[in-house]
Amino acid sequence: MLKFTDDHEWLNVVDGIATVGITHHAVEQLGDLVFVDLPEVGATLAAADAAATVESVKAASDVYCPLEGEIVEVNDAIRNDPSIVNSDPQGAGWFFKLKLATPAEAEGLMDEGAYLALVG
Amino acid sequence: MRDETATLKQTPLTALNIELGGKMVGFAGYEMPVQFPLGVMKEHLHTREKAGLFDVSHMGQVILRARSGRVEDAALALERLVPVDILGLKPGRQRYALFTDPQGGILDDLMVANRGDHLFVVVNAACKAQDVAHMTAHLSDLCEVTELTDRALIALQGPAAEAALARFAPEVAGMAFMDVRDVTILSADCIVSRSGYSGEDGFEISVPARAAVAVTRALLSDPAVEPVGLGARDSLRLEAGLCLYGNDIDTTTTPVAAALEWAVQKVRRSGGARAGGFPGADVILPEFEQGAARRRVGIAPEGRAPIRAGSALYLSETATEAVGQITSGGFGPTVEAPVAMGYVPRSLSEIGTRLFADLRGKRLPVTVADLPFITPRYKR
């Protein structure tokens with residue numbers, strides 16, 4: 001189940017675990033990333049908590065936790081090479097995996113069509 | 001998006017900037033491109049490798065003409081507002097200057113050129129109205145102060161800048177760093193200086209507004225030249241250790257605290273033939289002997305994380321009282337590392353001093369570093 005937030009995060013939910021990243025649109029707005037700060041594995045975050053930080057040459061931006069849950073894995077590859085987020089934001093450039101506290105809440109988020117209409 | 005920029009002023013190049021895919025933002029009251037489709041990182045690197053073209057028409061261009069007709073009188077008049085040797089500036093030469101205030105602070109930084117029979121001054125966009133009022137209030141007894149509102153200003157920066165401009169004006173190849181000349185480009189009467197704000201060789205070209213698009217398109221027709229936005233302009237100047245007014249210098253920083261002693265020539269310092277005579281001289285001149293309490297320094301963060309303006313500096317990971325502050329910071333695409341500038345107490349300003357910067361509640365190690373972060377390639 002692929003879902004989107006109006007903060008330009010995507011999440012792919014499989015068996016209650018959401019893989020979370022930022023959208024193509026977000027990456028276009030940010031430009032070339034030079035640094036990514038990821039959350040600690042094991043951290044419990046509420047929806048809309050700042051979960052990660054991305055830095056482009058010109059500015060820092062927060063990446064928010066889309067739903068309440070526990071961080072179970074982070075993508076160390078983008079820490080070492082933030083440009084992966086630019087080249088493949090909705091694939092290899094994922095940020096973290098979140099074990100959702102209430103998986104059903106994901107159904108309330110936007111689907112791809114609604115998101116594309118929002119940023120259109 | 002357009003609504004946000006509806007009340008902003010445009011430059012003679014705004015429409016072309018939009019046509020070139022510029023991402024437009026409000027800056028100092030103008031609708032300006034922060035980046036083009038190449039993006040900040042590649043625009044920065046392209047400028048250092050080949051040449052970048054910047055619309056800096058938002059900056060103020062001002063003529064000071066002495067009522068006597070003698071440029072020396074305009075120079076002496078302007079010296080009442082800047083701690084800089086203007087009288088000694090030869091025709092066809094340009095120099096960096098600072099407007100100071102009675103407390104010794106800096107009201108703006110500017111470039112001053114001796115154009116033979118008058119002075120030509122370029123000031124920051126955000127300070128333009130205030131600077132023109134300041135000069136009018138203090139210099140009108142001796143000078144006419146005229147803002148040139150019908151000209152664009154284009155910066156062409158980078159190692160390929162000379163060849164790109166020489167296609168249209170071969171004589172620019174003979175100019176040295178800080179030379180200023182009248183140059184005809186595509187039949188337009190331009191004022192060209194060999195200077196800039198990137199740490200690279202290059203030119204700033206004052207063009208009549210009606211010719212600005214044609215000159216810009218002609219320069220961009222060279223495959224070595226790419227349009228560059230304000231984002232890369234900022235990262236280029238930061239790597240070059242150049243101050244941004246409002247960040248690194250302002251009314252709370254004196255020229256000595258800002259490490260701009262080089263901008264105050266000996267003739268204006270204590271013991272010089274025209275010592276003092278500018279606002280704040282009683283504060284500024286003693287600092288040349290005693291030093292200022294704090295000093296602007298380069299700051300090299302040790303990790304990969306950029307540390308930005310406003311971040312506080314501490315003596316240790318646990319110290320509760322800040323000892324300094326970052327005033328400009330970001331990622332340096334050429335040095336491939338974060339770079340910053342800031343103010344620290346004089347006792348901590350030695351290169352190699354280790355400090356800690358606050359980044360989102362974490363303390364990250366940083367080192368006081370030599371400026372600039374890159375080796376400038378001015379054509380001396």
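## A tour of the domain interface and a sheet

Domain 1 and domain 2 of chain B bury about 1,600 Å² between them, and 58% of that area lies on carbon and sulfur atoms. Keep in mind as you click along that this is a predicted model.

To set up the view, colour chain B by its domain assignment: domain 1 covers 2-57 + 150-239, and domain 2 covers 293-380. The centres of domain 1 and domain 2 of chain B, taken over C-alpha atoms, are 29 Å apart. At the boundary, 18 residues of domain 1 of chain B are in contact with 19 residues of domain 2 of chain B.

Now select Phe177(B), Leu238(B) and Glu239(B). Within domain 1 of chain B, these residues lose the most area to domain 2 of chain B, together 45% of what that side buries.

Next, show the side chains of Glu162(B) and Lys379(B). They form a salt bridge, with the closest N and O atoms 3.4 Å apart. The interface of the two domains of chain B has 2 salt bridges by the rule, and 14 residue pairs are in polar contact between these domains. For the secondary structure here, pick helix H2 (40-49) and helix H7 (230-239) of chain B, as each supplies at least two residues to the side of domain 1 that touches domain 2. That side of domain 1 of chain B has 8 nonpolar, 3 polar and 7 charged residues.

Finally, move over to chain A. Its 6 strands form an open antiparallel sheet in the order E1-E2-E3-E9-E8-E5. Strand E1 (2-4) and strand E5 (44-45) of chain A are the edges, each pairing on one side only. Zoom in on E1(A), which 3 bridges join to strand E2 (residues 9-14) of chain A. There, Leu2(A) has Asn12(A) in E2(A) as its bridge partner.

Notes: Residues are numbered from 1 along each chain as its sequence is written. Chains are lettered from A and ligands numbered from 1 in the order in which they are written. This is a predicted model: local features need pLDDT of at least 70, side-chain atom pairs count only at pLDDT 80 or more; totals for chains, interfaces and linings use all residues. Side-chain values use heavy atoms; hydrogens and water are left out. Two strands pair if DSSP finds at least two bridges between them. Helices (H or I, at least four residues) and strands (E, at least two) are DSSP runs, numbered from the N terminus. Domain bounds come from an automatic or database domain assignment. Contact means heavy atoms within 4.5 Å. Buried area is the accessible area (1.4 Å probe) that two parts lose on being put together, summed over both. A salt bridge is a side-chain nitrogen of Lys or Arg within 4 Å of a carboxyl oxygen of Asp or Glu. A polar contact is a pair of N or O atoms within 3.5 Å; within protein, one must be able to donate a hydrogen and the other to accept it, and residues adjacent in sequence count only if both atoms are side-chain atoms. Ala, Val, Leu, Ile, Met, Phe, Trp, Tyr, Cys and Pro count as nonpolar, Asp, Glu, Lys and Arg as charged, and the others, Gly among them, as polar.
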